[in-house]
Amino acid sequence: MKRSTGAIKNGTVAALDVGSSKICCFIAHIDGKQDPRVIGIGQQASKGMKSGNIVDIEALEDAIVNAVHSAEQMAGETIERVIVNVSGGQPRSHRLNLEIAVAGHAVTDQDLHHAINHANQIKGPTIEDESGRDILHSIFTGYTLDGNRGIRDPRGMHGERLGVNMHLITSALNTRRNLISCINRCHLELSAFALSGYASGLATLVDDEMELGVTLIDMGGTTTSIAVFCEGHLVHSDVIPVGGQHVTNDVARGLSTPVAEAERMKTLYGHAIAAEADDRNFIDVPQVGEEEPGQSHQVPHSLLVGIIQPRIEETLELVRDRLVSSGFDKVGGRRVVLTGGASQLPGLPDLAGHILNTQVRIGKPIRVTGLADATGGPNFATCAGLLTYTTLVDTDVPIEKTPEVTHPQSLFGKIGHWFRENF
């Protein structure tokens with residue numbers, strides 16, 4: 001992965017994973033070209049978030065403050081800025097393909113600027129009505145020269161027509177404004193946003209996977225993020241409002257047990273695929289409203305699996321259908337990487353491989369150091385990926401602190417700004 005000239009190369013950075021099930025903060029040192037080294041970790045049960053959107057800003061503020069404070073105590077440092085993930089706001093992917101004539105001469109910086117000026121003149125772009133939405137990521141996915149794809153940098157090359165391919169990700173602006181307000185209430189500043197699936201992919205995918213094609217599925221508490229990588233770039237993303245908490249709620253309803261007990265049983269006894277021995281094994285199920293000892297009753301393990309498996313199948317089928325409808329089901333090749341807390345359910349890789357007809361593995365953070373076994377699993381991939389993101393792109397950009405003064409640029413205006421900064 002190529003590092004941007006504006007990326008953070010030295011210093012202390014902080015990442016904040018604001019999820020619906022947990023809030024996690026990593027503080028890390030970055031030294032030259034080395035991977036970020038985590039020196040502080042804080043984690044709190046999430047309150048006030050649902051499906052990537054804030055539902056109780058005060059409760060979320062308390063959870064964030066506690067997570068950040070724990071990380072600061074461990075690191076022995078005080079942080080002022082954080083990079084934060086985005087999983088709500090209905091992120092949408094858009095592909096932008098531009099071509100300009102270069103008349104056979106060697107491609108120059110001016111030609112690249114010309115391509116963006118051409119984009120500003122396009123009438124009726126392929127992006128649907130983006131009212132109330134704003135650009136989250138502008139990702140270059142490659143250049144073409146006379147129809148030849150896979151060109152890394154066309155400058156200095158000769159051709160007739162120069163093409164620029166981009167992947168734009170937009171999301172609801174108010175969702176991010178609310179998150180900005182909450183971060184500011186915690187006496188923190190925002191350095192950047194990054195899509196959860198994008199961050200998880202940066203943390204867990206090896207370079208060959210990104211180059212040859214892979215689909216990253218980040219299964220969180222109330223959302224499942226999809227990120228397709230190919231030729232070293234994120235080429236498609238999507239978010240489904242279903243996650244591990246929905247499985248827990250199904251268990252609580254199906255067995256008439258408290259949600260906390262349902263989560264415990266899912267973690268200790270849950271499985272994504274039924275086995276022959278399930279009917280012979282029994283588990284104790286405490287009942288709702290019955291707090292006295294001995295009030296629980298036993299149910300066969302098969303009943304628990306019979307509740308869990310359909311919800312997991314439904315989630316994976318939704319992922320499959322979204323990939324097919326987007327046309328990116330083949331781009332990711334026959335390789336799927338699962339991350340997120342819900343991906344740790346035993347038997348899930350086998351079930352996913354069967355439904356998606358792919359090879360499946362569990363992804364763990366590989367591009368940061370200093371993580372213990374307890375914090376180096378797939379449920380911490382997003383937070384680790386946010387640290388990786390800071391080393392790849394320029395995150396020191398102006399972020400609106402108050403929603404009232406926000407005046408976002410147009411999509412093409414921000415693309416042009418990116419070109420001016422990088423070429």
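Trainee: What lies 2.7 Å from a polar atom of the side chain of T391?

Mentor: In this predicted model, the backbone oxygen of T388 lies 2.7 Å from that side-chain atom of T391. T391 itself belongs to helix 10, which covers residues 381–392.

Trainee: Why is T391 called buried?

Mentor: The term requires a relative accessible area under 20%. T391 has 3% relative accessibility, and therefore counts as buried.

Trainee: Which elements give two or more residues to the lining of the second largest pocket, and which residues lie nearest its centre?

Mentor: The lining of this pocket comprises 38 residues, and S21, G220, G221, G341 and A342 lie nearest the centre. Among the elements that give two or more residues are strand 1 (10–18), helix 4 (196–204), strand 12 (214–219) and helix 10. The volume of the pocket is about 790 Å³.

Trainee: What makes up this lining by class?

Mentor: The lining has 24 polar, 9 nonpolar and 5 charged residues.

Trainee: What makes strand 7 and strand 9 edge strands?

Mentor: The open sheet has 4 strands in the order 7-10-8-9, paired antiparallel. Strand 7 (92–101) and strand 9 (148–151) each pair on one side only. Neighbouring strands of the sheet are turned by 35° against each other on average, direction ignored.

Definitions and conventions: Residues numbered from 1 in each chain as written. Predicted model: local features only at pLDDT ≥ 70, side-chain atom pairs only at ≥ 80, totals over all residues. Heavy atoms only, no water. Buried < 20%, exposed > 50% of the residue type's maximum accessible area, 1.4 Å probe, protein only. Polar contact = N/O pair within 3.5 Å; in protein donor to acceptor, adjacent residues only side chain to side chain. 1 Å grid on protein atoms, 1.4 Å probe; cavity = no way out; pocket = protein on both sides within 12 Å on 5 of 7 lines; lining within 4 Å. Points joined across faces, edges and corners; volume = space filled by probe spheres on them. Nonpolar A, V, L, I, M, F, W, Y, C, P; charged D, E, K, R; others polar. Pairing = 2+ DSSP bridges. Axes fitted to C-alpha atoms, helices over the stretch in contact; angles between N-to-C directions.
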